[in-house]
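This briefing concerns the helices and the backbone geometry of one model. Please consult the sequence and the structure shown here alongside the points that follow.

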Amino acid sequence: MRALLSHAPGGPETLQVTDLPDPQPGPGQLLVRVRAAAINYPDVLIIEDKYQLKPPRPFAPGGEIGGVVIGVGQGVEGWSEGDRLIAVPGFGGLSEQIAIPAASAFRLPTERSFTEGAALLLTYATSIHALWDRGRLQAGQAVLVLGAAGGVGLAAVELGKARGARVIAAVSSEDKAQAARAAGADDAIVYPRGPFDRDGQKALADQFKTAVGPAGADVIYDPVGGDYAEPALRAIAWEGRYLVVGFPAGIPRLPLNLTLLKSCDVCGVFWGAFAMRDPQANAAHVAELFQLWDAGKISPKVSATFQLERAGEAIAAIAARQVIGKLVVEIG
Ligand SMILES: NC(=O)c1ccc[n+]([C@@H]2O[C@H](COP(=O)([O-])OP(=O)(O)OC[C@H]3O[C@@H](n4cnc5c(N)ncnc54)[C@H](OP(=O)(O)O)[C@@H]3O)[C@@H](O)[C@H]2O)c1
């Protein structure tokens, strides 16, 4: 089988299509013929050894997949060859075949394509865990979503609306603002591209405060970080929840006096660890995501597809801050 491998730390241009022996399903595993693998920001980080997960090399990036079961390992019940599934193996998805733990797989209904299915879990399961569990978002509350046209950001916009919240999207271009509005955002603001000096951060804080209104945002969903974080925190409501999701703009530092002044919480979000520690709660979220998808309240937004040989271009586009929604690599 073929896989797009990282042989040494580096950018997407270092990835090479390589022939490998077919994997075998170990005990408790499913062997999957990968039909689609979605690209996410962690793929940018993992090939440069900048992600929390550091697989031994060579490895294929590609954190989430849709595919068909072609082998069932010892002790696995409830799965058969030919079953369609989606899963988040974390890496290894940019391969024609992958062995995954059966316990981590979810069935993909026949009416859903592999391409859409591959683009569901990582972003929507992160955002539903963030907004429901960590953010305690309620109907009628205001949620400010930074990076709102990206993968997890668009998912947060849709889920915020599904919850009955007022969603204010914040993005870096008018095209991205349109995408956020199309996904249901009540309002969308276009912020400048950082880094910012003190005056720039003050202007950004004023922009966020004007957008959310005098009461502030009950929940702030931040998958951007960097110089955007402190200005956003300044727009939080009394007893608001600030969700720390990701850092493409850098890892920020926050003055803790701001949390005292608003009696607010800064909440870390780590979906992968949550899903491992509480698989039943995660499975309940995934079931809710499928219901919301059936009800038309969410749907993965795939803006472009790639072939395996060109998958590095998808990773490069995410790194360059160019992508709206999700990119998916179709395989085989
Ligand atoms: N905590 C968790 O459990 C969890 C789970 C999944 C992902 N994540 C993290 O969430 C973040 C977003 O992931 P994603 O897959 O949704 O990525 P994405 O689609 O690329 O979205 C990230 C957004 O960040 C903004 N951004 C600001 N500065 C940027 C820069 N220098 N480079 C690139 N983007 C920049 C961009 O929006 P604007 O241009 O509009 O600012 C972009 O749309 C990543 O840090 C990822 O590791 C965390």
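**Briefing: helices and backbone features**

Eleven of the twelve residues of helix α4 are buried, so α4 is largely enclosed by the rest of the structure. A residue is called buried if 20 or more other C-beta atoms lie within 10 Å of its own, exposed if 12 or fewer do, and partly exposed in between, with C-beta atoms placed from the backbone. This is a predicted model, in which local features need pLDDT of at least 70 and side-chain atom pairs count only at pLDDT 80 or more, while totals for chains, interfaces and linings use all residues. Residues are numbered from 1 along each chain as its sequence is written. Helices (H or I, at least four residues) and strands (E, at least two) are DSSP runs, numbered from the N terminus.

**Helix α4**

- Helix α4 comprises residues 151–162, and its end C-alpha atoms are 17 Å apart, which agrees with the 16 Å that twelve residues should span at 1.5 Å a residue. The expected span is 1.5 Å times one less than the number of residues.
- The buried residues of α4 are Gly151, Val152, Gly153, Leu154, Ala155, Ala156, Val157, Glu158, Leu159, Gly160 and Ala162.
- Just after α4, Gly164 adopts a positive phi of about 90 degrees.

**Helix α6**

- Helix α6 (residues 198–212) has 15 residues and reaches 21 Å from its first C-alpha to its last, close to the expected 21 Å.
- Leu204, Phe208 and Val212 are buried in α6. They cover an arc of only 65 degrees around the axis, which puts them on the same side of α6; the arc is that of the directions from the helix axis to the C-beta atoms.
- An α-helix has 3.6 residues a turn, so residues three or four places apart point the same way.
- The exposed residues Asp199 and Thr210 are carried on the face of α6 turned away from its buried side.
- The cover over the buried residues of α6 includes β8 (142–146), β9 (166–171), β11 (217–222) and α7 (229–233). Two residues are in contact if their C-beta atoms, placed from the backbone, lie within 7 Å.
- Gly213, which follows α6, has a positive phi near 95 degrees.

**Packing of α3 and α10**

- Helix α3 (residues 121–134) packs against helix α10 (residues 279–294) at an angle of about 110 degrees, with their axes 10 Å apart. Axes are lines fitted to C-alpha atoms, for helices over the stretch in contact, and angles run from 0 to 180 degrees between N-to-C directions.
- α3 and α10 are therefore roughly perpendicular to each other; angles of 65 to 115 degrees count as such, those under 35 as roughly parallel, those over 145 as roughly antiparallel and the rest as oblique.
- Leu121, Tyr124, Ala125, Ile128 and His129 in α3 meet Asn282, His285, Val286, Glu288 and Leu289 in α10.

**Cis peptide bonds**

- The peptide bond from Arg57 to Pro58 is cis, with omega near -5 degrees. Pro58 is found in the loop between α1 (41–46) and β4 (64–72).
- The bond from Gly194 to Pro195 is a cis peptide bond, with omega near 0 degrees. Pro195 is placed in the loop between β10 (187–190) and α6.

- Asp49, although not a glycine, has a positive phi of about 60 degrees, and it lies in the loop between α1 and β4. Asp49 counts as partly exposed because it has 13 C-beta neighbours inside 10 Å.
- Ser263 is not a glycine either, yet has a positive phi of about 50 degrees. Ser263 is found in the loop between α8 (257–262) and β13 (265–268).
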